[in-house]
Structures are given as C-alpha cells and as structure tokens.
Amino acid sequence: MVNDLIAGVTAGFRSSRRGLSIADLVDTLQSLSIEEAADALTQMPDARAVAVLDSPELRSAADILSRLAPARAVALLSQMSEDRAADVLSDMEEEDAAALRAGLPAPVRASIETLLRWPPASAGGMMTTEYVAASADATVAEVLAHIRTVERSRETVYSVFLLEPQGRLVATVSLRQLIAAEPESPAIDLARGHDPITVAPTTDREEVAHLIRRHDLLALPVVDEQGRPMGIVTVDDVLDALVAAHTEDTQKFGGVEALDDPYLETGFLAMIRKRAGWLSILFFSEMLTASAMQHFESELERAVVLTLFIPLIMSSGGNSGSQATSLIIRALALNQVRLRDWWRVALRELPAGLTLGAILGVLGMARITLWQTLGFYDYGPHWGLVATTVGTGLVGIVTFGSLAGSMLPFVLQRLGFDPASASAPFVATLVDVTGLVIYFTIALAILSGTLL
C-alpha cells in the first residue's frame, strides 16, 4: 500500500503536465514518513523536486533534505529560491546545514548566509536576493530585454529596480508600466515624482506588511544605509509570515506559549511545557481570588444569597475585559492606535463599559425580580436590595473590566512585551480578583443594616 502511494507520488512528480498539482503532491508527501518522502523525492526530476521544496506548506523539507545524498541535496538547494533555501537550512541541525552550505556555489552560499544573519521576523529574514535591477538611464525596451534574459533566475519580475552607477536605488517601476510604455522612452520617466518605498533589513515584518498593504505593492525593496538594494520582500512572503504571526498571537490569546510545530506534530512533553507555565501563573493568580473571598468571609456567612451571583459577576467582568483586550491588541497590530492614544481609548471604554454594565445590570435585576415574583426562588425579604446590589455590581465590574482590558495591552507594549500576552485568561483572572472586591464593597454599602 505504502509502495503504491510512493509510486503514485513519484509518477505525479515526473509528470509536469498531468496528474497531481504541486499543492496536492505536497499534501501527499506530508502523509508519508520522512524516509518514504525522501525516497520519492530522489526519483523525481529536479524541476519538480525544487517546485515542491519551494512550497512553504512542505513543513518537513529540512528533514527530507537531510535524508538525501549530499550531492543531490546541494543540487536541489542551489536551484531553490534563496529565501526558502535559507529557511530550510535554518530548520536543520547546524552540522547538516553547514555541510550543505559548504557544497553550494559561492554566489548562492553568500546570498543564503546573508539572509541567515537577520532575524526571521525582520525584513532581512523574509527577503530574497533574487530581484531584477537595471540601469537608471535604460530605455523601456532595454529593461524588457533584460527581464527576458534573467526572468528564470528571479523569484519575481513584477517590480524592477532602477539603479544609479554607484548602485543606489532611485526608482521602482512595475512590469505593467513597462509593457504599456513606449519602447524607446526612458524607464525612469515611469517613476517621475515618486520616491521608492523602501525598508531597512531590521524592519519588523508587521511594518513591512503595513507598507505593502498601504501602497498596494507586489514587492518591497530592502536597502542598506547607502540606499543600495539588498533584496525584496514579496507579497507572498508577507502572507506566509503574517499567517505564522497570527497563529502565534491566537495561541497566546488562549494563554498558551506559541507552538513551534503544527498541533498534531507537537510532542506530548512539548505540549505540556507550552501550556503548564501559563496555567501555573493563572493558578497562582486565582489564589488571590480565594484570598479576597476569605476577606469577606463574615459577609458571606450573613448573606449567603450573595454567593449565588459570584459566578455571574466574575464571568461578566472577565468577558468585558477580554472583549476590550482583543479589540485593542488587533488595533495595535494594524497601527490603528498607538501608545500615545491610550487616553483616547480610555475615554471611549469608560462610557462603553458603563453602558454595557447598565445593560447587564438591568438584565440581572430583571432575572432576580422574575424569579422572586414567579416563585422560582425566594431571595428573602430584602430581595429588592439584593437585586440592586447585583445590578450596581455589574455596572462597576463591567466598567472596570473594559478599562483594565483596554489598558493592559498599552502597559505591556510600553514595557517592551508582546501585547498578545494580555491573553483572555490573564485579563479574566485580573478582573476576577478585583470584581470580588467591587462586588462586596457595593454589597456592604447597599445591604448594611439589613442583611449585613
């Protein structure tokens, strides 16, 4: 059965015009063991093998290449896009990666080692050095002729850099502009009045994505301090990076350290290690909730009816805080708000929290009144005061939750931490403790002289 699957995969790779697409072949290859996938890869033509290895969806590319004969692995690496080859080498054991790098042609090795110097989440770590450049005094016809010469060795030809004799980038023109222009006109005229949009290699990937989206670019030049191009970040590179970043943020929202591998490929011990830390921190934080309840022990003994609404009070505050946190973290990621806007956010969340709290307060009081009137439950002779306590408590706790949830991401970012660390469980725990204090403080004020 497995041999038939390998044979099918190999046949699919051998045929470039019929059979499975590259995406389908990658999925099938993923279902094989590393040894079986390496065996299938050994039997296919270079062009098809490189196309599969270049696919970011092939998560086991580093392991597969490590199982190939060194000469075969080097030959495939040298034909891959350089940014993808750098990513694959960075996933290998250092000894295996060093051996393969040593066998690469000198220009390819130099480009890959340049890419490996930069952090993966930076423009330098995402860029490819395979771009199209032409002289700033070239005509449109000369640039198009140059594109025809080099297009097979470049990752993208949709953007062309125009360079001064010293190598400084002076303009970027698109392939569409070149095709529509008069052949004998200077290519630089297509970019008159538009300075090129560039980034430094240290620019964060989220800023790169923001610039590409804002200026509707297919590729963004990465330049050095002298303005000379080092590479380009293409829109598909940004999409891959953002998917990874959003996956990491989503996991952090749930109080989990970011997983290094897909869920089903993460080992049991690794999964425990990623989850136990946050759970332990939240557990110790929840101990403060127990301490708060102990502080109000006498009040609880005298007004046991108040305990019926503790889950309602705590969950409402946590939910409002989680809503605010999610909104602000996303707004920060999209540059819709900045650190200096914290006071504007606070002024929006304060009335929003009061309004939301009032809505929940009315619902809570209506529920108590309905249950008391219909005889579902007897809250005692002072049930009206109990309803007022619950309603007022909800206003205070939801308001506090909204404010705390919206301000926490600003505090974390100001301290240099990832705002995504202000996960929903952390906010909920914070509001749980303070919510109890608010609830019983309001109860003491309203029920003093009656139940308390």
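## A polar contact at E130

A polar contact is a pair of N or O atoms within 3.5 Å; within protein, one atom must be able to donate a hydrogen and the other to accept it, and residues adjacent in sequence count only if both atoms are side-chain atoms. In this predicted model, the backbone nitrogen of E82 lies 3.2 Å from a polar atom of the E130 side chain. E130 sits in the loop between α10 (123–126) and β1 (132–135); helices (H or I, at least four residues) and strands (E, at least two) are DSSP runs, numbered from the N terminus. With 12% relative accessibility, E130 counts as buried. Buried means under 20% relative accessible area, exposed over 50%, and partly exposed in between (1.4 Å probe, protein chains only).

## Basis of the model

Residues are numbered from 1 along each chain as its sequence is written. Because this is a predicted model, local features need pLDDT of at least 70 and side-chain atom pairs count only at pLDDT 80 or more, while totals for chains, interfaces and linings use all residues; side-chain values use heavy atoms, with hydrogens and water left out.

## The chain as a whole

The secondary structure of the chain comes to 20 helices and 5 strands. Of its 452 residues, 45% count as buried. The accessible surface of the chain is about 23700 Å², and 58% of that belongs to carbon and sulfur atoms; these areas come from the Shrake-Rupley method with a 1.4 Å probe, and for residues only the protein chains shown count as cover.

Among contacts (heavy atoms within 4.5 Å) with a separation of 6 or more, 68% are made by residues 24 or more positions apart.

## One face of helix α2

Helix α2 spans residues 22–30, and its buried residues are L25, V26, T28 and L29. Seen down the axis of α2, these buried residues fall within an arc of 165 degrees, so they line one face of the helix. The arc is that of the directions from the helix axis to the C-beta atoms. An α-helix has 3.6 residues a turn, so residues three or four places apart point the same way.

## Salt bridges

The structure holds 7 salt bridges, a salt bridge being a side-chain nitrogen of Lys or Arg within 4 Å of a carboxyl oxygen of Asp or Glu. One of them joins D224 and R228, with the closest N and O atoms 3.0 Å apart. D224 is partly exposed at 22% relative accessible area, and R228 is partly exposed at 37%. Elsewhere, salt bridges that share partners join E94, R101 and E113 into one network.

E94 is exposed, at 53% relative accessibility, whereas R101 is buried, at 15%. R101 also forms a salt bridge with E113, the closest N and O atoms being 3.9 Å apart. R101 lies in helix α8 (residues 94–103) and E113 in helix α9 (residues 106–116), so the pair ties together parts that are 12 residues apart in sequence. E113 is partly exposed, at 36% relative accessibility.

## A nonpolar surface patch

L308, L370, L374, F376 and Y377 form a nonpolar patch on the surface, with about 500 Å² of accessible area together. Patches are made of residues with over 30% relative accessible area and no salt bridge; like charges are joined within 9 Å, and nonpolar side chains (Val, Leu, Ile, Met, Phe, Trp, Tyr) within 5 Å. Y377 is in the loop between α18 (342–374) and α19 (383–414), and at 39% relative accessibility Y377 counts as partly exposed.
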